[in-house]
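Here are a few exercises to work through with the structure open beside you. Try each task before reading its solution.

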Amino acid sequence: MKNVYLGLLLAALITATGAPRAFAQSATAKDSGSSEFKTATLSGMQVMGKRAVAMANGIPAGDYMWSPGNNGRTIANLFLHLAFSLWTRPAQFGATPPAGFDMSQKADAYENSTTDKAKVVDQLSMAFAYAQSAVQNLSDADLRKHVEAGGRDTTVETVLALWQADNSEHIGQLMVYSRLHGFAPPTPGDVAKQIAAQ
């Protein structure tokens, strides 16, 4: 029964535009069922990845420098901010660094590295593929391992749950950006149907 509740919590995370941080603690109990957690995490990443790439493709290239103001990121910055997280966060749980990606670069430098739509779409697509592969390679034992993240002792499951919550927040921001620039982003349900049909 606990696995059913975990699945429902993860489904809520996938569709939310900003999941509460408390989710991570409820999703990381020792008996949470690591295999089910990993499956749900990968499903969520796949849906978020396809939605993000669809939005990156759907927003006109001429709008990539647009910002909402109030120190908000430009469209290009926000896509690259998400990509940077996908490239770098797996190192927190011991994943092999991505080939060809400079792990020493700062987030701000990467986020401002290009405004070229094709390059942004390419980076985002590759980053999601890398991140999904890194999670796929985790064993149940890996998920329960203790790691240090943000100066605190935690588990890999908790790192993944918080990471998904953060990514979900950015997907929500990108949905607003997309609609403001004339592109209706695909819903999680639409993407899930596309994935099932493949």
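**Exercise 1. The hairpin**

How many residues lie between S1 and S2 in the hairpin, and which residue in the turn has a positive phi?

Solution. A word on the model comes before the steps. This is a predicted model, in which local features need pLDDT of at least 70 and side-chain atom pairs count only at pLDDT 80 or more, while totals for chains, interfaces and linings use all residues. Residues are numbered from 1 along each chain as its sequence is written, and side-chain values use heavy atoms, with hydrogens and water left out.

- Step 1: find the elements. Helices (H or I, at least four residues) and strands (E, at least two) are DSSP runs, numbered from the N terminus. The chain has nine helices and two strands, in the order α-α-α-α-α-α-α-β-β-α-α.
- Step 2: pair the strands. Strands pair if DSSP finds at least two bridges between them; here four bridges join S1 to S2 (residues 152-155), and the two run antiparallel. Glu-148 has Asp-153 in S2 as its bridge partner.
- Step 3: read the turn. Two residues separate S1 and S2 in the hairpin, and Gly-150 in the turn has a positive phi of about 65°.
- Step 4: look at the faces of S1. Buried means under 20% relative accessible area, exposed over 50%, and partly exposed in between (1.4 Å probe, protein chains only).

**Exercise 2. The core**

Solution. 

**Exercise 3. Two aromatic pairs**

Why is the pair of Tyr-64 and Phe-79 called stacked?

Solution. 

- Step 1: set the rule. Rings of Phe, Tyr and Trp (its six-membered ring) pair if their centres lie within 6.5 Å; planes under 30 degrees apart count as stacked, over 60 as edge-to-face and the rest as tilted. The count comes to eight aromatic pairs.
- Step 2: apply it. The ring centres of Tyr-64 and Phe-79 are 6.0 Å apart and the planes are at 25°, so the pair is stacked.
- Step 3: place the residues. Tyr-64 is in the loop between H3 and H4 and Phe-79 in H4, so the pair ties together parts 15 residues apart in sequence. Tyr-64 is buried at 0% relative accessibility, and Phe-79 is buried at 0% too.
- Step 4: turn to Trp-87 and Phe-101, which are also stacked, at 5.1 Å centre to centre and 20° between the planes. Both are buried.

**Exercise 4. A salt bridge**

Solution. 

- Step 1: a salt bridge needs a side-chain nitrogen of Lys or Arg within 4 Å of a carboxyl oxygen of Asp or Glu. The closest N and O atoms of Arg-73 and Glu-111 are 3.1 Å apart.
- Step 2: Glu-111 counts as buried at 5% relative accessibility, while Arg-73 is partly exposed at 31%.
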